[in-house]
Number of protein chains: 2
Amino acid sequence: MNGALRIGMDIGGTKTEAVALDRDGTVVAVARIATVGGPDGVVGTAERVIAMLSEQTGCAVAEFASVGVGIPGRIDREHGEVHNAYNLGLAWLPLAGRLADATGLPVALDNDVTAAAIGAAHLMRLDGVVAYLNLGTGLAAGLVIDGAPVRGAQGVAGEIGHLPVDPLERPCPCGQRGCIETVASGSALKRYWPAGGDHPGRVLLAAVDAGDVEAVHAFEQLVRGAASCVRLLSLTLDPHTVIIGGGLRFLGSRLLDGIRETLDGWAAQSPFLGMLDLSGRVELLAADSSAAAVGAALASEGRRR
Amino acid sequence: MNGALRIGMDIGGTKTEAVALDRDGTVVAVARIATVGGPDGVVGTAERVIAMLSEQTGCAVAEFASVGVGIPGRIDREHGEVHNAYNLGLAWLPLAGRLADATGLPVALDNDVTAAAIGAAHLMRLDGVVAYLNLGTGLAAGLVIDGAPVRGAQGVAGEIGHLPVDPLERPCPCGQRGCIETVASGSALKRYWPAGGDHPGRVLLAAVDAGDVEAVHAFEQLVRGAASCVRLLSLTLDPHTVIIGGGLRFLGSRLLDGIRETLDGWAAQSPFLGMLDLSGRVELLAADSSAAAVGAALASEGRRR
């Protein structure tokens with residue numbers, strides 16, 4: 001079979017998704033399984049999805065070109081190590097080395113949000129400056145300029161969730177107050193709207209429609225926080241496009257419309273913002289997108305171990 | 001003489017500085033004159049410094065390779081036009097075309113802060129991600145990644161001065177409240193410390209030393225605002241270096257020390273910030289630096305008109 005197929009995978013707290021990309025960057029196979037946590041669990045999960053892709057494509061494992069992995073936590077790309085991926089039960093894991101030993105393939109790691117930004121820019125065919133706003137359990141952004149990711153000096157580029165600029169000044173586990181993540185994230189919903197249970201994003205709009213005052217407030221804070229991220233990214237990097245991704249993107253058009261209306265409201269009060277067409281830059285990542293897995297495969301080109 | 005000499009100039013509200021760079025990017029001549037405002041005044045000022053460089057280098061005007069101009073305002077690089085440079089008395093000026101007609105040379109325009117960022121990264125030999133924080137009459141940042149400037153979709157990349165995130169929520173002429181520029185800029189000093197007169201930056205430290213309570217407060221707000229910019233740039237772009245430039249850099253080591261101490265204080269309260277060594281990334285642009293003129297010359301390579 002085609003030895004140039006690249007594997008990309010997105011290892012999340014709940015599920016792991018993997019894709020095989022051909023030379024042109026087209027997805028030719030997809031596999032999804034539940035993630036098993038802990039060091040051995042994560043390595044085993046990765047091995048299993050690779051085996052599934054091998055079966056689907058008829059390409060022997062050793063014949064794939066490379067493996068790119070998008071994973072939460074602080075990523076040491078140089079050494080192929082994952083640090084502090086707590087929702088995967090990982091304090092430290094030399095994932096690239098272990099997976100390279102198991103498969104014989106070159107393996108590259110990337111932060112999952114950066115991988116999603118690379119993949120979304122590719123799949124949506126976006127040029128120029130692209131900011132990807134991940135509204136997940138946490139809040140962070142990925143940045144891509146002319147197809148190349150911006151990772152920064154310590155790999156924290158895009159960690160805007162811990163900018164302490166929200167007027168509510170809620171305490172954040174990071175030690176600061178008013179971090180944007182304390183209003184615009186799944187963890188914020190869970191903490192400040194406990195009626196939503198363990199997966200508040202899934203029940204939020206139904207509760208809003210039922211007239212639940214607390215739910216309405218939680219949704220408003222989420223929308224305002226996300227809009228403030230778009231403004232922040234726009235005045236910092238002036239992106240051509242801001243993509244809304246992450247699990248909370250399943251709130252769909254009401255989330256997108258809310259963000260746009262908030263931005264338009266601010267623009268109406270500020271001639272400066274009014275010139276910038278902030279609301280016109282915002283787009284929603286497709287619900288069924290494999291952006292992070294695709295981006296991880298593409299990023300594996302640049303660094304192999 | 002050497003036909004490869006490139007001219008760069010920084011047209012400011014008070015003075016215009018121009019340099020001639022050789023092929024290696026070394027400054028071989030410098031000229032400085034007072035800026036004359038208005039469309040004809042600005043074009044004439046630019047022509048005069050070019051003539052001065054011609055005389056200094058013995059290179060006929062027509063033999064220079066290019067002219068790069070760094071200038072305040074909103075810059076349309078495509079058409080070589082300056083918009084809204086109010087402190088130069090310019091609503092609109094097709095500066096590149098007029099200067100090209102006058103000199104026969106290719107002319108490129110850039111925002112003055114972007115030009116300074118390019119020049120500072122070059123002069124300080126900084127690789128990776130470089131953020132240049134301009135503390136001038138206004139507040140803005142310039143961004144350079146691996147030597148290339150980030151200009152963005154509408155040329156407003158780095159306009160962080162109009163992020164409305166300051167807890168004092170002072171009104172800003174842009175129509176928002178709490179813009180960082182309302183605390184960390186020359187215009188903020190002038191407005192909120194009127195005792196400082198027309199050039200408050202020049203007398204601020206003397207007033208602080210004399211125990212002027214209002215001056216102490218103004219200096220504290222300036223330092224806190226500048227530190228919040230460093231944090232903002234760091235969590236957004238994760239720069240290897242944040243350079244403090246602009247006219248207020250003449251406050252010198254007390255400004256730099258104040259910014260570093262503020263960042264260290266925040267880091268002491270947040271393990272997350274503590275990991276990032278924010279204070280270690282901050283450097284001050286040399287007082288005698290021609291960063292903006294040098295950067296304008298370098299940027300003229302990429303675009304000529």
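In this predicted model, the centres of domain 1 of chain A and domain 2 of chain A, taken over C-alpha atoms, are separated by 27 Å. Domain 1 covers residues 6-116 of chain A, and domain 2 covers residues 125-284.

Where the two domains touch, domain 1 of chain A contributes seven residues and domain 2 of chain A contributes 11 residues. On the domain 1 side, the elements giving two or more residues are strand E5 (74-76) and helix H3 (112-123) of chain A. H3(A) gives the most to this side, with three residues. By residue class, the domain 1 side consists of three nonpolar, three polar and one charged.

Chain A also touches chain B. This contact takes 29 residues from chain A and 30 residues from chain B. On the chain A side, two or more residues come from each of helix H6 (213-237) and helix H8 (271-274) of chain A. H6(A) gives the most here, with four residues. The residues on the chain A side divide into 17 nonpolar, 10 polar and two charged.

The class make-up of the two sides is set out below.

| Domain 1 of chain A, touching domain 2 of chain A | three residues | three residues | one residue |

For the side of chain A that touches chain B, the element giving the most is H6(A).

Conventions. Residues numbered from 1 in each chain as written. Chains lettered and ligands numbered in written order. Predicted model: local features only at pLDDT ≥ 70, side-chain atom pairs only at ≥ 80, totals over all residues. Domains from an automatic or database assignment. Nonpolar A, V, L, I, M, F, W, Y, C, P; charged D, E, K, R; others polar.
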